[in-house]
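Visitor: I am new to this structure and would like to learn how to read it. Could we go through it one feature at a time?

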Amino acid sequence: MKKYITLLIVVLFGLISCEDFLVEEPQGEPTNANFWKTEADVISATTALYIFNDFQGIYGRGMNLYSLVASDDFIVGKPKGQIEEIKDFITSGNGSYTRDIWPMHFIVIKRANDIIRNVPDLEINADVKNFALGEAYFMRGLAYFQLSLLYGDNNSGGIPIVDETIVEDFFIERPASVSTSYEFAAESFTKAAALLPYFDASNNDRLGRPHKNAALGYLARVHLHNAEFNADSWDSVITACDQVINSNKNSLELNFKDAFKIANNWGSEYLWSVPSNTIGGSMFAGSALENRGWGKYNGWGYFAPTLELYESYEVGDARRDATLLAFGDEFEYFGSTRKYASANSLTGIQLKKYLEPFGYANAVQLNPNGDHPSTNLNLPLLRYSHILLMKAEALIAKNGAGSGDLEINLVRARAGLVAKTGATLEDLKSERRAEFAGELFGRYEDLCRWGDAAKIKGALHGKRHLGVVFDTAEGDNKGFPVLSTDFTQVFPTSEVWRQRDNFILETHRVWPIPANAIDTSRETLSQNMGW
């Protein structure tokens with residue numbers, strides 16, 4: 001145990017050599033001699049599982065860079081070498097935004113295993129015990145799901161399986177197939193679902209902690225991705241989705257845009273999100289905001305939506321205008337109604353989905369620290385629409401076109417679109433793109449598992465707002481347009497990212513394991529093939 005703790009610490013921080021850590025007492029970690037005594041100890045241990053939430057390398061920008069920027073839906077919104085290397089598939093994985101993804105996940109796995117190992121024998125309240133175990137299984141499953149998506153395949157192998165029985169020999173070989181990793185994640189989510197209660201928004205002590213439908217939803221998601229390697233997983237997708245649907249605990253928000261409002265952080269569509277507020281939480285909303293925030297806030301401008309994404313929406317699809325801003329579109333910003341224009345955007349389009357917190361006067365919904373731009377809007381990771389479209393895809397995969405019409409049309413009706421008859425896999429693909437644009441683990445991972453390499457490779461386009469005069473009173477060349485701006489003007493389409501002919505699906509569907517993990521693995525880890 002002592003070795004395992006210290007390995008994770010050195011991998012994360014790289015402060016001194018691995019050998020030094022292996023002979024020192026671990027600092028800041030409880031030991032069996034002084035911990036695992038009371039309910040308070042257990043609650044403290046479960047709280048420590050949620051280090052993902054406030055860490056920018058996970059849900060702030062790190063994993064989002066791999067998932068969003070790599071796709072055809074986004075480009076790097078401003079010059080930033082580390083991110084441009086990700087977009088061009090030449091990254092080493094060792095940049096400051098991504099190098100801690102692997103070790104952070106194994107810290108969560110280690111903490112979850114500690115709970116699973118120690119809590120069952122404690123004489124504490126049964127509800128506290130079961131909930132703690134459910135949390136631990138859920139977070140272990142989540143860690144393996146995310147690691148498998150990012151780093152696992154059948155060329156280099158899956159993710160080393162470290163369960164609660166492993167306390168000393170923690171240098172574990174990779175399984176030959178990522179399917180093994182997905183199956184381990186599925187096992188963890190299944191155990192979590194059996195232990196966890198349904199979500200209750202009135203239970204303030206448990207807001208932001210897992211519940212039964214979150215575990216079942218991720219169980220379906222694991223099987224969705226594993227189905228590429230094991231077709232039997234399609235049945236498991238349907239079964240898990242039906243358990244969520246038949247519970248009658250969740251439903252779609254009436255309007256698509258309402259799923260991304262602070263008032264609905266814990267609404268009917270919520271299954272899992274990153275709890276956020278003006279002190280901490282996900283920084284993604286700020287990292288996706290216009291670079292320099294039109295002189296009002298420290299937007300980072302890393303995620304610029306492409307013209308390809310904008311034009312992919314059907315006419316009349318309410319999701320487009322709820323997801324994206326194009327030139328002249330109205331939106332609320334710091335208490336004023338504005339019309340969108342940008343002196344900075346390379347594509348001339350802004351991700352709108354997470355802009356609600358920036359609409360209020362006096363920045364009341366924003367972290368005052370623009371270097372940590374969290375907001376009061378939770379970052380959604382799993383919504384009820386995921387359940388419907390996962391079931392639809394599984395039905396189509398098993399039974400052919402038309403078998404997923406019911407679920408697809410529920411999502412389309414909410415978007416203001418007419419029902420489809422005989423919906424195909426291509427129709428399903430379009431629905432997923434429109435529904436989940438700008439959300440973690442969507443478009444890029446979908447294109448990879450569908451084998452749609454050509455869509456990843458293609459050149460990308462935008463419409464830069466050239467010639468617009470900006471109000472220098474709000475910041476030189478970064479404020480809003482002067483009142484005389486003609487918002488009917490049309491800008492030429494330009495190529496904003498060249499075709500990426502170097503993309504190889506078998507290589508680049510996964511990312512390079514950071515060197516800090518490989519260096520401390522005693523040769524049990526090798527780099528993913530091609531990286």
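Visitor: How many salt bridges are there between domain 1 and domain 2?

Guide: This is a predicted model. Between domain 1 and domain 2, the count is 3 salt bridges. In a salt bridge, the side chains of E431 and R319 meet at 2.8 Å, N to O.

Visitor: Which helices and strands supply the side of domain 1 that touches domain 2?

Guide: Those that supply at least two residues each are helix 4 (56-60), helix 5 (62-69), strand 1 (74-76), helix 6 (81-87), helix 16 (405-414) and helix 17 (425-436). By class, that side of domain 1 has 17 nonpolar, 6 polar and 16 charged residues.

Visitor: What area is buried between domain 1 and domain 2?

Guide: The size of an interface is often given as the accessible area lost when the parts come together. Here the buried area is about 3,100 Å², and carbon and sulfur atoms give 64% of it. In terms of residues, 39 of domain 1 are in contact with 36 of domain 2.

Visitor: Is E269 buried or exposed?

Guide: E269 has a relative accessible area of 2%, so E269 is buried. E269 sits in the loop between helix 11 (233-247) and strand 2 (270-274). Beyond its neighbours within four places in sequence, E269 has contacts including R383, Y384, R414 and E435.

Key: Residues numbered from 1 in each chain as written. Predicted model: local features only at pLDDT ≥ 70, side-chain atom pairs only at ≥ 80, totals over all residues. Heavy atoms only, no water. Contact = heavy atoms within 4.5 Å. Buried area = accessible area lost by both parts, 1.4 Å probe. Salt bridge = Lys/Arg side-chain N within 4 Å of Asp/Glu carboxyl O. Helix = DSSP H or I, 4+ residues; strand = E, 2+ residues; numbered from the N terminus. Nonpolar A, V, L, I, M, F, W, Y, C, P; charged D, E, K, R; others polar. Buried < 20%, exposed > 50% of the residue type's maximum accessible area, 1.4 Å probe, protein only.
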